[in-house]
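Open the model in your viewer and have the selection tool ready. Each stop below gives something to select and then says what is there.

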Amino acid sequence: MGDQQIPYTPSSLWRGVPIESFPPLEEDISTEVTVVGSGIAGITTAYRLVQSGYEVTLVEAGRILEGTTGYTTAKISAQHGLIYQQLQKTIGDEKAELYYKANMAALQAIEKNMEDLQIDCDFSYQDAIVYGETEKAKKLIEKEAEIYEKLEIDGEITNDTALPFPVSGAIKMHHQAQFHPVKYLLPLIDYLKKKQVNIFENTRAVDMEKGDKPKVITADGNTITSDHVVIASHFPFKDFDGLYFSRLHVERSYSVAFKAEQTVPEGMYLNVEEPKRSIRNASDTNGEPLLLVGGEGHTSGQSEDTWQHYNNLVNFTKDHYAIQDIPYHWSSQDMSTLDLVPYIGNITSTNPNIYVATGFAKWGMTQGTIAADVIHDLITERKNPFEELYSPSRFHNSTGLKSFTKENADVAKEFVKGKLPTKDKKDLQDLNFDEGAIVKVDGKQAGAYKDKSGKVSLVDTTCTHMGCDLAWNNSERSWDCPCHGSRFTVEGNVIEGPATKPLEKISNDNEK
């Protein structure tokens, strides 16, 4: 079997296909609808609106399909772990059933788009299966099965899995699916191009003026004036007192693709216990079968050694499969809401022409697709059956308060911890090549990264969103915020929000 190594640089299986590039916005423009963000939610929303005759402009802070959509496990499923027993408690049976129907409607919408545009995207129907290995997990699975029956969810309890290890119980949801998300979305981008939609890359939206004609302001100072603005940028870059930063929990998770000697199992699997293990089959660019294993979620910016999470996934897989190669590994970040149902709709009740889609809790393939339908129907003033379910203005008294308090206590703890002197600061001269660390420069704390040629980048590690201290992410080589999940490059540029301003650079007088 040999000792297969994880490749040095992360790369996503999905981004191995050619992706066209688009120019940045360099002037002030007007349009009917501005969509900010080019993941599955933004692209599908733009597609739906263009189909309905709207003039749409799509803007992306980096490259298209470079956010979470390019780094997903790409399951199209309404089975999101054992979520229905949680939803039954927090939002009740009726809305829990709606949640299932919304995610199944998303699968149908994806099928329709594939048919309309003749898309070939490695789509296959699979059963989704949540499995457990303990007696406690078995009991939880049995409880979920009772709720499936009550909500008329198409599924069943089973002990028959294709996994190479015993399980104490499993629950199957029939007729779910998986696909290649980038191959699916590129034909939608082509459609937008044919319809003369303006697509701008490297155009970071950093601010917005509200009103009858909201104005999106970019980092370069250009503006886009429109009748409607859709914020599908993962974390809303502008809050308008919706307090999203306090209502979203940000988690990072990891994926590794393996070439295995055995047959890769059919079905899409997720375990009940922690740490999470997500298992599905896929294929590489030559059509060779791959085993995709994901999991190891943790609050963003709150893991001291992110490489360890990849190692844990490799060790788990090697326990059960003979591994020939590890061609891809990647990680991504996603948000969860207080009640685990995404926020999709008007950003606040007082801003009827500004919309948000966020909090997909790692199930963005379906939730991002249904977001497009809900927002399309709000803009075209049609009644959508899921509008109330996803409304960002909802608040359920029985929910949320506990996790809201915990989330903000965590944030406060990280904030305070970040303001105390840390013991593990390194001396600048002790930095290895391709290493980042907190260092002391002229008596002050700074974030340093030494590249492979020995060049050092120094930044102030105070997050520009709300002042938390950043942590070094050693597998992605980025500075990550433990409070609200903002991420920055080694030079201090924003990778992911809610931060919109870059980190302050610190001059390095010691450099030659």
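Predicted model: local features only at pLDDT ≥ 70, side-chain atom pairs only at ≥ 80, totals over all residues.

The tour goes from the core to the helix pairs and then to single residues.

Stop 1: Select Tyr 84, Phe 123, Phe 179, Tyr 184, Leu 192, Ile 344 and Tyr 390. These are the residues with the most contacts inside the largest nonpolar core, which has 87 residues. Which helix gives the most to this core? Colour helix α3, residues 92–117: with ten residues, α3 gives the most. As background, nonpolar side chains in soluble globular proteins tend to be buried together.

**Stop 2: Tyr 390.** Stay on Tyr 390 and show what surrounds it. Leaving aside neighbours within four places in sequence, its contacts include Tyr 99, Ala 102 and Asn 103, as well as Val 341, Pro 342, Tyr 343 and Ile 344. Gln 367, Ile 370 and Val 374 are also in contact with Tyr 390.

**Stop 3: helix α2.** Select residues 83–90, which form helix α2; Ile 83, Tyr 84, Gln 85 and Leu 87 are buried there. Just after α2, click on Gly 92, where phi is positive at about 90 degrees.

**Stop 4: α1 with α5.** Two packed helices are described by the angle between their axes and the distance between the axes. Show α1 (residues 40–51) and α5 (residues 181–194), whose axes come within 10 Å and cross at roughly 40 degrees. The two helices are therefore oblique to each other, and their crossing is left-handed. On the α1 side, select Ile 40, Ile 43, Thr 44, Ala 46, Tyr 47, Val 50 and Gln 51; on the α5 side, select Tyr 184, Leu 185, Leu 188, Ile 189, Tyr 191 and Leu 192. How many of the residues in this contact are nonpolar, polar and charged? The contact of α1 with α5 has eleven nonpolar, two polar and no charged residues.

**Stop 5: α1 with α8.** From α1, the contact takes in Ile 40, Ala 41, Thr 44, Thr 45, Arg 48 and Leu 49; among their partners in α8 are Gly 364, Met 365, Asp 373 and His 376. By class, the contact of α1 with α8 has eight nonpolar, six polar and three charged residues.

**Stop 6: α3 with α8.** The axes of α3 and α8 come within 8 Å and cross at roughly 85 degrees. That angle makes α3 roughly perpendicular to α8. Select Tyr 99, Ala 102, Asn 103, Ala 105, Ala 106, Ala 109 and Ile 110 in α3, then Met 365, Thr 366, Gln 367, Thr 369, Ile 370 and Asp 373 in α8, to see the residues that meet. They divide into eight nonpolar, four polar and one charged.

**Stop 7: Ser 300.** Go to the loop between β14 (289–299) and α7 (307–320), where Ser 300 lies. Is Ser 300 buried or exposed? Ser 300 counts as buried, because its relative accessibility is 1%. Beyond its neighbours in sequence within four places, Ser 300 is in contact with Val 250, Glu 251, Arg 252, Gln 333, Cys 481, Pro 482 and Gly 485.

**Stop 8: Asn 508.** Finish in the segment after β24 (494–496), which holds Asn 508. With 16% relative accessibility, Asn 508 counts as buried. Not counting residues up to four places away in sequence, Asn 508 touches Leu 428, Val 456 and Leu 458.

How values were computed: Residues numbered from 1 in each chain as written. Heavy atoms only, no water. Core = buried A, V, L, I, M, F, W, Y, C linked by side-chain atoms within 4.5 Å. Buried < 20%, exposed > 50% of the residue type's maximum accessible area, 1.4 Å probe, protein only. Helix = DSSP H or I, 4+ residues; strand = E, 2+ residues; numbered from the N terminus. Contact = heavy atoms within 4.5 Å. Axes fitted to C-alpha atoms, helices over the stretch in contact; angles between N-to-C directions. Parallel < 35°, antiparallel > 145°, perpendicular 65-115°, else oblique. Left-handed = near helix turned anticlockwise from the far one by under 90°. Nonpolar A, V, L, I, M, F, W, Y, C, P; charged D, E, K, R; others polar.
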